[in-house]
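Keep the structure open as you read.

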Amino acid sequence: MNVNQSAPPLPPYGQPQSVYPGYHQSSYGGQSGSMVPPVPYGTSYNGPVPGYQQTPPPGVSRAPPSSGAPPASTAQAPGGQAAYGQFGQGDVQNGPSSTVQMQRHPGSQPFGSAPLVPVVSQPTVLQPYGPPPTSTQVTAQLAGMQISGAAAPAPPPGGLGYGPPTSLASASGSFPNSGLYGSYPQGQAPPLSLAQGHPGAQPPQRFTPPQASSFTPPASGGPRMPSVTGPLLPGQGFGGPSVSQPNHVSSPPPPQALPPGTQMTGPPGPPPPMHSSQPGYQLQQNGSFGPVRGPQPNYGSPYPGAPTFGSQPGPPQPLPPKRLDPDAIPSPIQVIEDDRNNRGSEPFVTGVRGQVPPLVTTNFLVKDQGNASPRYIRCTSYNIPCTSDMAKQAQVPLAAVIKPLARLPPEEASPYVVDHGESGPLRCNRCKAYMCSFMQFIEGGRRFQCCFCSCINDVPPQYFQHLDHTGKRVDAYERPELSLGSYEFLATVDYCKNNKFPSPPAFIFMIDVSYNAIRSGLVRLLCEELKSLLDFLPREGGAEESAIRVGFVTYNKVLHFYNVKSSLAQPQMMVVSDVADMFVPLLDGFLVNVNESRTVITSLLDQIPEMFADTRETETVFAPVIQAGMEALKAAECAGKLFLFHTSLPIAEAPGKLKNRDDRKLINTDKEKTLFQPQTGAYQSLAKQCVAQGCCVDLFLFPNQYVDVATLSVVPQLTGGSVYKYACFQVENDQERFLSDLRRDVQKVVGFDAVMRVRTSTGIRAVDFFGAFFMSNTTDVELAGLDVDKTVTVEFKHDDRLNEESGALLQCALLYTSCAGQRRLRIHNLALNCCTQLADLYRNCETDTLINYMAKFAYRGVLSSPVKTVRDTLITQCAQILACYRKNCASPSSAGQLILPECMKLLPVYLNCVLKSDVLQPGAEVTTDDRAYVRQLVTSMDVAETNVFFYPRLLPLTKSPIENTTEPPAVRASEERLSNGDIYLLENGLNLFLWVGASVQQGVVQSLFSVSSFSHITSGLSVLPVLDNPLSKKVRGLIDSLRAQRSRYMKLIVVKQEDKLETLFKHFLVEDKSLSGGASYVDFLCHMHKEIRQLLS
């Protein structure tokens, strides 16, 4: 079968047939997951922590917003009147479309040190007010956004980005005060004019936003614009709203008032429309947007004889510096919104090779017609270069983020299980790839050619079937493996350890009963919860009860094993004090069926808190506990999972003993990498033994101080487990979060004792892997456990030339033991296009997946390189990707313009979020443990999780009508989007904040918090009162739905404006400058521009 074949009709078996457009899917479409720039995790999770939230860090004064509202005073010209420059105000909006036309002062707003090349006058006509452009209008021919620099080529200024300001002579003649204004003072820059091409070369064109990926603009010439006579005065704007406008309110725009002395010749343009999907600014040249600027009065034209519409001679005016308008740079919110509108209603049918799926933030339904669903595999690019030289030139990493056991929404069918009996699944004899829809049957169906290695194989007699006139097997649509992208095979005994089928897995609960654990109430809470939770162990589809057996261990400096055999009247305890030589003192009665031993288990869980109630033992062991669990599974000859509940640094004399090595002085030194590395090699070798036994470890940490997460998380990380951390755990504040995480962790589907291999067609191969797993060779990813939330990221490199016609294929095969003890193979196949033109590569990239890969690459890099080196590597790679596009794909234009490919216009903003994250740029309040915790967390996140983790969602709650219960549209993560009369929810998959503005209406405060005024709201509150009114129900419902979308429970923290906790909240406003020194989005964009220009020159 040819890969390019048109999509076959849906297979008859159980595939969901009809799809209702626009159905609402709460937790899947975007597979939303946990993510966004981290912060003090102990703090953010656990409400006020002594010594941090009560007061801001010493010596840190409240920094002003990096891009706040403009000062009231306008820049004064020598003549005493307000000066004006050649730039119109608020050129272009690329954020949430505003319908209020705000006046804005020209410049004098400080923002980081990022001067840009000035724009000189352009001989083009002025433009009428038009609708703000949509993000998709950023370019027609992939010529993304462009920051217009000098129209006449100017030398690249040294001060662009982060350096000191450079003096740059004005391009339009020498002015008396050109020394003063020719260069932009530190912290100020000219406006962002999104214009491309040679100014004035042709009239503007009318443009309607392209759907999905149509890139050619209509060629009809646009109408002539009315010209404006007289100078532009402060406040006379041409485009988007003022940046200082917090959120753009939906009310009709007031009529634009013209300042005295300004005349309009010709009809005024239409006011901005209510919705951004209507046509925007006229296109200029090859697809860029933004109002076309006419030359301003008194400035010379770039070439002689150019008309200067309406300019009058006069004394030269000084040019006030002006900051880059955040509304004129690509907005993540707009891109997400556009994708939802364009691609959310239609199902994504996987029959066509190399299709880029909708974004992870879009709710969509998938119809499997031969390629794996994007819920299982997402790629950085769906069109990969044919040669390694081309790949090296573009520097776009070729990677796939694979989530083999991903949860599907109820509307989509789980992969079908195919049973081939004793013969097992059909495979290629040479490369061992499994039968899939891309295999080519030949010689009347008696043989097949492998699509991965081209080997010709015989078809076994029991699998033979005739071919139809197209060369396709007549039973293709009756066999999942011949018509679908994802399916499962039942494995034969050859796929099992020691050639015998596995026993059902076991869960062992290992509970720290040292003084800290007892005193905090953790042990009592946990034992109470386990009584009911054991009824909800994972089970196979229609099974009456779970096949999983359970066991219990408690420990401090010694270990206590419990015999809970059903025939006993009371549980029996056995103590092992020789922790240096760990053994399991009993076999029979340790691992039991929950239903058979229920009364004994309940009795044990009642007794544990009482037995240790008076303990004074503060020291704990750690490695021997894991050793004991693994030995127990070994003795029972089964795989399984250990649930460890641990509170302190294991300092008791035992293997794996640790010392406190926390040292903040190492930050920003060459030794910083040691903070992320394990203290001892003992845990790596222990993890290796665990993987061999199929023993996965999930660790729940409850530290009051440093516990060395970097070392303790080694075993969970290498066995495919998870780490949960609850700093300064208090039952009343944290029980809901802990119990919710525990329930989800115990109940989720897990594959045990798994091995995963990724095969590729000739020309590329898998060379690097990221995630929570162990590898003993270069090809097999070994996972003691793999759950529904875990991903493995795989990077590919060329080892030969690829063919544009045949494309490239990936096959991910996962061999695992199910919860019922059944050995299975899950197969995912994906076909990608190959290209010889760089433009095709850039047109089919997915930025969210790219960022997921880059973050994981960087977070692994900190183990072996200084953090500064890792940051520089990321910036360089991003600059190379964008410079290659600029050089090879974009239309020629002035060096002063920044041009971004349409698919990657959010790369700079997202990359900046990764660079500012706590792992790569920690603030003073972020602990070493927090950084190690986040580092291992991100390693196995999926694309939806990293998306919201690095760029949090900020939702205004009182903008939409109360009766509207759908999720409100998000706004950009910046302080200037906050209105002090509103309430906002901010979430990043791990944290959830409710920010309350100081001027919020009294009625709203009463409805939500049941107090009379703002001052009575308790800061740091973690639960909203349950009140019977529409607003309270709506907000609590929204919080519940956000939590349901994420894999970890997000604890709520209420933050009042101007409160001490606000510093913590602002850490997540990632478009602003961070207290730890991270650049604002605007500054970073300027810096990237500078890097790209240096590469191009």
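Two strands count as paired if DSSP finds at least two bridges between them. The model is a predicted one.

Strand β14 (residues 549-555) pairs with strand β15 (residues 559-563) in the antiparallel sense, over 3 bridges.

Now the aromatic rings. A pair of aromatic rings is described by the distance of the centres and the angle of the planes. The model has 31 aromatic pairs. F702 and F738 make an edge-to-face pair, with 5.1 Å centre to centre and 90° between the planes. This pair links distant parts of the chain. F702 sits in the loop between β18 and α11 (709-712), while F738 belongs to helix α13 (residues 731-747), 36 residues apart. Both F702 and F738 are buried.

F993 and F1068 form a tilted pair: 5.2 Å centre to centre, 50° between the planes. F993 lies in strand β28 (residues 991-996) and F1068 in the loop between α22 (1062-1066) and α23 (1081-1096), so the pair ties together parts 75 residues apart in sequence. F993 and F1068 are buried too.

Rings also gather in a group. F702 and F738 belong to one aromatic cluster with F645, F700, Y724, Y726 and F729. Elsewhere, rings meet charges. R473 lies over the face of F441, 5.0 Å from the ring centre. The charged end of K1056 sits over the ring of F1014, at 5.0 Å from its centre.

Which residues touch the most other members of the largest nonpolar core? They are L559, F561, L644, L920, L985 and F1009, out of 142 residues in that core. Helix α16 (residues 867-888) supplies the largest share, 11 residues. Leaving aside residues up to four places away in sequence, F1009 touches L994, V996, I1017, L1021, L1024, P1025, L1027 and V1054. There is also a second, separate core of 44 residues, including F509, F552, L739 and C819.

Is β27 (residues 983-987) mostly covered or mostly open? It is mostly covered, with 5 of its 5 residues buried. The cover extends to both faces. I983, L985 and E987 are buried on one side, and Y984 and L986 on the other.

The partners of β27 come next. Strand β26 (residues 953-956) runs antiparallel to β27 and is joined to it by 4 bridges. There, R953 stands opposite E987. β27 also pairs with β28 in the antiparallel sense, over 5 bridges. Across that pairing, L985 stands opposite L994 in β28. L994 is also one of the residues that F1009 touches. In the hairpin of β27 and β28, 3 residues lie between the strands. G989 takes a positive phi near 90° in this hairpin.

Conventions
Residues are numbered from 1 along each chain as its sequence is written. This is a predicted model: local features need pLDDT of at least 70, side-chain atom pairs count only at pLDDT 80 or more; totals for chains, interfaces and linings use all residues. Side-chain values use heavy atoms; hydrogens and water are left out. Helices (H or I, at least four residues) and strands (E, at least two) are DSSP runs, numbered from the N terminus. Rings of Phe, Tyr and Trp (its six-membered ring) pair if their centres lie within 6.5 Å; planes under 30 degrees apart count as stacked, over 60 as edge-to-face and the rest as tilted. Buried means under 20% relative accessible area, exposed over 50%, partly exposed in between (1.4 Å probe, protein chains only). A charge sits over a ring if NZ of Lys or CZ of Arg is within 6 Å of the ring centre and within 35 degrees of the ring normal. A nonpolar core is a set of buried Ala, Val, Leu, Ile, Met, Phe, Trp, Tyr and Cys residues joined through side-chain atoms within 4.5 Å. Contact means heavy atoms within 4.5 Å.
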